[in-house]
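Welcome, and thanks for taking a look at this one with me. Please open the sequence and the model side by side before reading on.

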Amino acid sequence: MAVRSRWRIVRAGARGLVAAMAMTGVRTVTANVGLLERSPPEAIVHHRGPERVQRLAERHRTALTELVHWCYGTVGGVVFGTLPPRLRAHPWTGPAYGLAVWLTFEAGVAPLLGVRSASQPRVAARFVVAADHVLYGLVVAGRLAPDPSRLGESADGGQDTRR
């Protein structure tokens, strides 16, 4: 694998970590205003966490849940970084990727783990979870902070001549 490809994947992994952290912030706010009862990572730990994790003090369990979510976000970023460049360059790929991650959880992971209660029945809660996954996708795709290699290019991929 070329050095440039490795750095692209490392940057995507770092963006995945930051994106998962941003999701934590969104969920903290939305939970505190009553829009979200329990996030999917919290539901997994609550329903399926090992006994050893269940016995942890709540603050330690919460911290462990977030660390695992951040690791999952990092892996998701790495996977995004392996997508073909032409696909990653499309402006809607990031948000679509974030929603695909959420839908994969909703349709596959949650039923397998028996944590359907992680899927909030209220429309507002489902919207919040979908929106923070769109945010995840935007950050992972680098749309909020473009790669340095993209800064000197115009929207169509050519060199920007407005300097």
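Here are some numbered points to guide you through the fold.

1. A word on the basis first. This is a predicted model, in which local features need pLDDT of at least 70 and side-chain atom pairs count only at pLDDT 80 or more, while totals for chains, interfaces and linings use all residues. Residues are numbered from 1 along each chain as its sequence is written, and side-chain values use heavy atoms, with hydrogens and water left out.

2. The overall picture. Helices (H or I, at least four residues) and strands (E, at least two) are DSSP runs, numbered from the N terminus. Of the 163 residues of the chain, 35% count as buried; buried means under 20% relative accessible area, exposed over 50%, and partly exposed in between, using a 1.4 Å probe and protein chains only. Among contacts with a separation of 6 or more, 69% join residues 24 or more positions apart, where contact means heavy atoms within 4.5 Å.

3. Helix 1 with helix 7. Their axes lie 8 Å apart, at an angle of about 155°. That makes helix 1 roughly antiparallel to helix 7. The axes are lines fitted to C-alpha atoms, for helices over the stretch in contact, and angles run from 0 to 180 degrees between N-to-C directions. Angles under 35 degrees count as roughly parallel, over 145 as roughly antiparallel, 65 to 115 as roughly perpendicular and the rest as oblique. Helix 1 passes helix 7 in a right-handed crossing; a crossing is right-handed if the near helix is turned clockwise from the far one by less than a right angle, and left-handed if anticlockwise.

4. Who meets whom there. The contact includes Gly16, Ala19, Met23 and Val26 of helix 1, and Asp132, Leu135, Tyr136 and Val139 of helix 7. By class, the contact of helix 1 with helix 7 has 12 nonpolar, three polar and three charged residues. Here Ala, Val, Leu, Ile, Met, Phe, Trp, Tyr, Cys and Pro count as nonpolar, Asp, Glu, Lys and Arg as charged, and the others, Gly among them, as polar.

5. Val26 is found in helix 1 and is partly exposed, with a relative accessible area of 28%. Leaving aside residues up to four places away in sequence, Val26 touches Asp132 and Leu135. Val26 and Leu135 are 109 residues apart along the chain, yet their C-alpha atoms are separated by 9.4 Å.

6. Helix 4 with helix 6. The two axes come within 12 Å and cross at roughly 135°. That makes helix 4 oblique to helix 6. The crossing is right-handed, and Tyr72, Gly76, Val79 and Phe80 of helix 4 meet Thr93, Gly94, Tyr97 and Val101 of helix 6. This contact has five nonpolar, three polar and no charged residues.

7. Helix 2 and its neighbours. In helix 2 (residues 40-48), Pro40, Pro41, Ala43 and Val45 are buried. The buried residues of helix 2 pack against helix 1, helix 3, helix 4, helix 6 and helix 7. With helix 4, helix 2 packs at an angle of about 120°, the axes being 10 Å apart, and the two are therefore oblique to each other. Pro41, Glu42 and Val45 in helix 2 meet Arg61, Thr65 and His69 in helix 4. By class, that contact has two nonpolar, two polar and two charged residues.

8. The nonpolar cores. Which residues make up the largest nonpolar core? They are Ala19, Met23, Phe80, Tyr97, Val101, Tyr136, Val139, Val140 and Ala141, nine residues in all. Helix 7 gives the largest share of this core, three residues. A second, separate core of five residues includes Leu36, Trp102, Ala125 and Ala130. Such a core is a set of buried Ala, Val, Leu, Ile, Met, Phe, Trp, Tyr and Cys residues joined through side-chain atoms within 4.5 Å.

9. Tyr97 touches Gly76, Val79, Phe80, Leu83 and Tyr136, not counting residues up to four places away in sequence. Ser5 sits in helix 1 and counts as partly exposed, at 21% relative accessibility. Ser5 and Gly81 are 76 residues apart in sequence and 8.6 Å apart in space, C-alpha to C-alpha.
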